[in-house]
Amino acid sequence: MMHRFGTPSQKEQFMEGMMTGAVRMGFGLTEPNHGSDATWLETAGVRDGDDWVINGAKRFNSGLHAATHDLIFARTAGDPGKADGVTCFIVPTDSPGFEIPFMWWTFNMPTDHAEVSLTDVRVPNEAILGEEGRGLALAQTFVHENRIRQAASGVGAAQFCINESVKYARERTVFGKPLWLNQAIQFPLAELQTECEMVRNLVYKTAWELDQQHHMEVTDKVSMCNYRANRLVCNAADRAIQTHGGIGYTRHMPFEHIYRHHRRYRITEGSEEIQIRRVAGIMFGKKAKR
Ligand SMILES: Cc1cc2nc3c(=O)[nH]c(=O)nc-3n(C[C@H](O)[C@H](O)[C@H](O)COP(=O)(O)OP(=O)(O)OC[C@H]3O[C@@H](n4cnc5c(N)ncnc54)[C@H](O)[C@@H]3O)c2cc1C
């Protein structure tokens, strides 16, 4: 986002630190009352001379255990429910009024997902990233890049789970014969292998398309990759646990961790339902006209 939308002086100020790790930025879009419906967010930014004053709250703000800055999305104009009028501000996490009341206790620990409260947080006008009022377009670019990245990582982790299960089933003897001889062991893994092949090819094709044209032109394909790969890896990790039996359930094997890690992606960066809604929106909705 910084590379694509930062002003020359913002790039000068932040880019090198972002690469060395001296600067780390969180992404604060979700709020206690709004997640999927980010256009309804309630955090507000009000202009005061050369500054903006921000009030509101953010939830599940990842990376805040170490972030030096947070990208805070706040409504600066327009009506609730409208995409236009939401602005993205680069807010230093040590700003007066920027508080982290607690971290959320989640399925995948340790947590870095913060609750954030903003009380009269003051930032200069130069803290706006991208255009004033067009913050959600920035967010859309960010989630598209994350959605395809997650899909690729899901396919890779799913393939690992399948490969490890095949290896184990070939080595393990149960009832005096190799485990793999049972079709009840083979068939679910063969089905996963088939799905993995299909999703991998859709990820390759969509990633290629993302390089050729504006990301919104393939927004439905990105969504398809994302939700199917996230589901696939959860199913593959679950199957790997089952194929390995008791040892698969332990933390001495990687599968429960893979499950915990990727289960999150069925909710974040736009949940599964929101991805499906996007696909349907292209098929039936206003976007279909394009
Ligand atoms: C571990 C973790 C890390 C996160 N990191 C960040 C972060 O760094 N920054 C950030 O801004 N946010 C972050 N989030 C928040 C995440 O993006 C939201 O949780 C997500 O967008 C869903 O919003 P919600 O939790 O408010 O659910 P809601 O929007 O309340 O939805 C509840 C359920 O209803 C479904 N649903 C909603 N609308 C529809 C519909 N129209 N049709 C059918 N079903 C629907 C949803 O899919 C979901 O299953 C994180 C969340 C988690 C769990």
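Colleague: How many residues does helix α2 have, and what should they span at 1.5 Å a residue?

Modeller: Bear in mind that this is a predicted model. The expected span of a helix is 1.5 Å times one less than its number of residues. Helix α2 covers residues 8-20, so its 13 residues should span 18 Å, and the 19 Å between its end C-alpha atoms agrees with that.

Colleague: Where does α2 bend, and by about how much?

Modeller: Look at F14, where α2 bends by about 35°. F14 is also one of the buried residues of the helix, along with Q10, M15 and G17.

Colleague: What covers those buried residues of α2?

Modeller: The cover includes α1 (2-5) and several strands, among them β1 (25-28), β4 (69-75), β5 (86-92) and β8 (128-129).

Colleague: What about E269: what is its phi, and which helices lie on either side of its loop?

Modeller: E269 has a positive phi near 55°, and it isn't a glycine either. You'll find E269 in the loop between α7 (255-263) and α8 (272-284).

Colleague: Is E269 buried or exposed?

Modeller: Buried means under 20% relative accessible area. E269 has 17%, so it is buried.

Colleague: Let's zoom out. How many helices and strands are there in the protein?

Modeller: Count 8 helices and 10 strands. The C-alpha trace spans about 80 × 45 × 35 Å along its principal axes, and 43% of the 290 residues are buried.

Colleague: What share of the contacts between residues at least 6 apart in sequence join residues at least 24 apart?

Modeller: In this protein, 69% of them do.

Colleague: And how much of the accessible surface belongs to carbon and sulfur atoms?

Modeller: Of about 15600 Å², carbon and sulfur atoms hold 54%. As for charges, there are 33 positive and 34 negative ones, and their mean positions are 9 Å apart.

Note on methods: Residues are numbered from 1 along each chain as its sequence is written. This is a predicted model: local features need pLDDT of at least 70, side-chain atom pairs count only at pLDDT 80 or more; totals for chains, interfaces and linings use all residues. Side-chain values use heavy atoms; hydrogens and water are left out. Helices (H or I, at least four residues) and strands (E, at least two) are DSSP runs, numbered from the N terminus. The bend at a residue is the angle between axes fitted to the seven residues ending there and the seven starting there. Buried means under 20% relative accessible area, exposed over 50%, partly exposed in between (1.4 Å probe, protein chains only). Contact means heavy atoms within 4.5 Å. Accessible areas come from the Shrake-Rupley method with a 1.4 Å probe; for residues, only the protein chains shown count as cover. Lys and Arg count as positive and Asp and Glu as negative; His and the chain ends are not counted. The place of a charge is taken as NZ of Lys, CZ of Arg, CG of Asp or CD of Glu.
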